[in-house]
Amino acid sequence: MNMSFSTIVIRFVMAMAFGAALGFERTRKLRGAGLRTYTLVCVGAAAAIMSGLYIFETYQVSDPTRMASQVISGIGFIGAGTIMVTGFHSIKGLTTAAGLWTAACMGIVIGEGFYEAAVVMLLVILFSMLIGAKIQTKYLSSSKRLRLYVLFDNDDGFYKFVQFLQEQAIVITEFEIMGTVGKYTSIAFVLKFPNKEKHSDMLELIKASNFVAYVDEM
């Protein structure tokens, strides 16, 4: 635990670079928390753990891991600020919030001087954000299950929609009445297809009908 000036500089620079690498990926996708936020979170977490180590090294008191636990629990308020539910009940920002929490953990690892783990963490997180997103999108765009948010302007539209699904041999596995939006009734459905279907094709087919006022994938 030699907290020399060169060690401090290396850890701060490393935290800044690693946090910025994660934040840049979010910036590319126009998320609210981007390069600057991720950089500050990672650097701040590194500073917190280094402070704990410094106090323990200098005064031989306190628990150096206590700062880390406070950072991990405290970062939640920033993550919560990135999560929002859109007007059509689509949740946005979960990946950004999880990324911020992980960036804080990575900062703690860097602050402790566990550089090998920090490098592996960076690679794993970037893989999850970049490659994982493509795998998830490809899987969700063509699968046997589809979660829909639908607006109906009357009961007749709902019955026609259910009849349409039955004609296509599509099973409603779950549905929930979300409430009303103006004169419309909003319902969330989970559908199961007999075979894998391109969700975009099914959405276009439903949108072309006259029994729903609005439909989108959740």
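How many helices and how many strands does the protein have? In this predicted model, the protein has eight helices and six strands. Along the sequence these elements follow the order α-α-α-α-β-β-α-α-β-α-β-β-α-β. The protein contains 218 residues, and buried residues account for 36% of them. The exposed surface comes to about 12,700 Å², of which 62% is supplied by carbon and sulfur atoms. When contacts between residues at least 6 apart in sequence are considered, 65% of them join residues at least 24 apart.

In soluble globular proteins, nonpolar side chains tend to be buried together. In the present model, the largest nonpolar core has 29 residues, and F18, L22, M106 and I110 are those with the most contacts inside it. At least two residues of this core come from each of helix 1 (5-28), helix 2, helix 3 (66-74), helix 5 (94-111) and helix 6 (115-141). Helix 2 gives the largest share of this core, with eight residues. L22, one of the residues with the most contacts inside the core, touches Y38, A103, M106, L122, I125, L126 and M129, with residues up to four places away in sequence not counted. A second, separate core has 18 residues, including L146, F164, L203 and I206.

Helix 2 spans residues 35-59. Its 25 residues reach 36 Å from the first C-alpha to the last, which is close to the 36 Å expected at 1.5 Å a residue. The buried residues of helix 2 are Y38, T39, V41, C42, A45, A46, A48, I49, M50, G52 and L53. T39 has a relative accessible area of 11%, so this residue is classed as buried, the cut-off being under 20%. Leaving aside residues up to four places away in sequence, T39 touches M16, G19 and A20. Helix 2 is followed by Q60, which has a positive phi, near 55 degrees.

Helix 5 has 18 residues and reaches 26 Å between its first and last C-alpha, close to the 26 Å expected at 1.5 Å a residue. This helix is mostly covered, as 13 of its 18 residues are buried. Just after helix 5, G113 takes a positive phi of about 85 degrees.

Part of the surface is also nonpolar. F5, V9, V13 and M16 make a nonpolar surface patch of about 400 Å².

Is S142 buried or partly exposed? With a relative accessible area of 26%, S142 is partly exposed, because the buried class requires a value under 20%. S142 and K196 are 54 residues apart in sequence, yet their C-alpha atoms are 6.1 Å apart in space. S142 touches K196, and E197, K198 and H199 are also touched by S142, where residues up to four places away in sequence are not counted.

Conventions:
Residues numbered from 1 in each chain as written. Predicted model: local features only at pLDDT ≥ 70, side-chain atom pairs only at ≥ 80, totals over all residues. Heavy atoms only, no water. Helix = DSSP H or I, 4+ residues; strand = E, 2+ residues; numbered from the N terminus. Buried < 20%, exposed > 50% of the residue type's maximum accessible area, 1.4 Å probe, protein only. Contact = heavy atoms within 4.5 Å. Core = buried A, V, L, I, M, F, W, Y, C linked by side-chain atoms within 4.5 Å. Areas by Shrake-Rupley, 256 points an atom, 1.4 Å probe, with all protein chains shown as cover. Patch = residues over 30% accessible without salt bridge, like charges linked within 9 Å, V, L, I, M, F, W, Y side chains within 5 Å. Salt bridge = Lys/Arg side-chain N within 4 Å of Asp/Glu carboxyl O. Expected span 1.5 Å × (residues − 1).
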